[in-house]
Amino acid sequence: MEIILFIAKFGLAFIPLSCIAIMIFLERKGASIIQDRVGPNRAAIKIPGIGSVRGFGMIHNISDSVKLFFKEDFLPKHAHKWYYILAPMLPLMTAILTPALIPWFAPISLEGVEVSGAIINANSGLLMLFALGALSVYGVVIGSWASHNKYSLLGGMRASAMMISYEVSMGLSVVGLLLLIGSFNMTDIVEWQAANAWGVVVQPVGCLLFIVSMFAETGRTPFCVSEGESEIVGGFHTEYSSIRFALFFMGEYAHIVIASALIATLFFGGYHLPGLNTEVIHAHTAGVLAGLLAVKALMLALFCLMTTRQKKLYGALKASDKAVRLKEYSLFQIIFGGGALVAVLIAAVLMFIPMDGLLSELLTAAIQISIVMAKTMFFCWVFVWVRWTVPRFRYDHIMALGWKVMLNVALVNLVITAIVYKLLIETGVISG
Amino acid sequence: MAKIIPRPQLSLLEQLYFVEVFKGMALTIKHAVRSLAKPETIPVLNYPEVQPELPAEHRSEHRLMKRADGTSRCVACYMCQTACPARCITIVAEESPDGDIEKRPATFDIDWLLCVFCGLCVEACPCDAIRMDTGKAILVEDSRDAFIANKDRLMDWSPADYPAEDIISQEAPGGLLNEQALAAMQGGMFSAGDVADVADKETC
Ligand code: SF4
Ligand code: SF4
């Protein structure tokens, strides 16, 4: 039991890693659909019997990683070798560590063993998360310093100054929420939201501030000052190539995944959905699972419809590779349509399987993990969405926003929260 | 006189910035949904599998028009070379064996690396001997010399590749004693009198 649990917990470390692949795809395709383009779709693999499959651009992930792995790993003579090698590892390392602190499901008991949703169910969970998140800036700073290059250094300076500034308002924006909850324990935070109201309802301003600070923390547009092709070349990763360059980007994407999970956990109820708290899921495991599968089937059916439309569109064109593409579209129609049918079938079969004891416990955890993942993916999409909507800020605007606006709003929010909370307790509207 | 343009004043709501950000996000999500749900509205061509339809007026690689007997229609008048702003046309003239035609090009080179595809040579030519309607817009060669098109290359085209209904994009009429030219003109927009008029002057 212990060993199985250990392996299962170890598997959580791969959540951000596997999300990176999805993020890259999401980013590229998100950019293209927002900008009315088709997006990358040229890389293809040949599957015997079917022909070349482009997979809507998914294959680009494989070809990119192969390319980055086999490129020359360039180490500039003037760089500080040790730090230069160390720097790209830091962001990814911290990003892989953090899922250990996020509660993926409500505590369950497996044959008498209490298992908490977070691997490390520490009372200082949130503080550790912030600490680990803050560590990732070291990757940027050390990398830029070790590169020994003015552009890298400028990029690293800007990034570190910005991240440190926004860390202040990030910390302050959640204090209001913590004041209400009275605990740093992540599971407690989610449980409080399940019992009372989501964080975004009780702390809308804090939520907004936190999301904005998270954009700054991950160094994403509109706060992408650490790199700027027109001013400082690539910024901190100017001198990096090959897999080290890729590591920086994997770190960035993993950081986005973690930031999204954090937003979902702190302000959007984590594994809780309105009307679907742990007891309800536990009591009606089969029903809830069937519902989730129905949602999945619906999405697959929509994908199938999308493929059908694209196939019809391509069929009407005068294209030289029509036969191959139409075959691929048919393949995906079968995959999506068949997937939808299978999901419906499984949902129907589930109704007749008795759910109790261990199975019910495990399935509850699985359902809750998928709820957290769905919320996380939604916020990942928000990161992409904002990136292709909002133009980037000038550096001094970022600093002014961080220190003169965000910090003050966070402080005022904290004071008002405290006063209102105290008044409500005094007047007996809520119990403290 | 200086024209003073008043700076747009942001309203309080716009200064808040967040509202505008949400407005922008609503706009982009509209585009995203449209791209997914209605792929036919994306103004993108699946190039190179799907080739664009070039308008008839487009300018691409040059070609030299041929008469039915295979000789070039060019009479080496140097008009195009003179008109060319990039000075990329080099013509060497020689005497033509046709008694009605004075000269013909011994060599006719266009350096496509210098050419700016302005089409002035086409405009300048009095004989409609040079055209830029090949549809080949992508020039890929592996040496600089290969970009210099000589007379043979400019005349290496087949009438089958051009719209049959557009008669003047096909092989040019003309040739020894201009028999086809006269026939074509008689069937075309000129009156019999015109034809008789030019019968002994026509040289293209
Ligand atoms: S297109 Fe313009 S630049 Fe090119 S050869 Fe003709 S006149 Fe010269
Ligand atoms: S203007 Fe026409 S006829 Fe004169 S040299 Fe040029 S291509 Fe030949």
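This is a predicted model: local features need pLDDT of at least 70, side-chain atom pairs count only at pLDDT 80 or more; totals for chains, interfaces and linings use all residues.

Mentor: Residues are numbered from 1 along each chain as its sequence is written, chains are lettered from A and ligands numbered from 1 in the order in which they are written, and side-chain values use heavy atoms, with hydrogens and water left out.

The contact (heavy atoms within 4.5 Å) draws 24 residues from chain B and 28 residues from chain A. Four salt bridges (a side-chain nitrogen of Lys or Arg within 4 Å of a carboxyl oxygen of Asp or Glu) are found across this interface. By class, the side of chain B that touches chain A has 16 nonpolar, five polar and three charged residues, where Ala, Val, Leu, Ile, Met, Phe, Trp, Tyr, Cys and Pro count as nonpolar, Asp, Glu, Lys and Arg as charged, and the others, Gly among them, as polar.

B:Glu40 pairs with A:Arg309, with the closest N and O atoms 3.9 Å apart, and B:Glu49 pairs with A:Arg54, where the closest N and O atoms are 3.5 Å apart. The second pair runs from the loop between helix H2 (18-37) and strand S1 (63-64) of chain B to the loop between strand S2 (51-53) and helix H3 (59-70) of chain A, helices (H or I, at least four residues) and strands (E, at least two) being DSSP runs numbered from the N terminus. In the loop between H2 and S1 of chain B one also finds B:Pro48, which is joined to B:Tyr47 by a cis peptide bond with omega about 0°. Most residues other than glycine have a negative phi, and most peptide bonds are trans. B:Tyr78 has a positive phi, near 70°, and lies in the loop between S1 and helix H3 (79-83) of chain B.

B:Tyr78 also belongs to the surroundings of ligand 2, where 13 residues are near (a heavy atom within 4 Å), the closest being B:Cys74, B:Cys77, B:Tyr78, B:Cys80 and B:Cys125. That shell divides into 13 nonpolar, no polar and no charged residues. Around ligand 1 there are 14 residues, with B:Cys84, B:Cys115, B:Cys118, B:Gly119 and B:Cys121 as the closest, and this shell has twelve nonpolar, two polar and no charged residues.

The fold of chain B also includes an open sheet of three strands in the order S2-S3-S5, with antiparallel pairing, where two strands pair if DSSP finds at least two bridges between them. Its edge strands are S2 (89-95) and S5 (148-149), each pairing on one side only. Seven bridges join S2 of chain B to S3 (residues 103-111); B:Thr90 stands opposite B:Asp109 in S3, and B:Val92 has B:Thr107 as its bridge partner there. Two bridges then join S3 of chain B to S5, where B:Ile148 is the bridge partner of B:Asp111.
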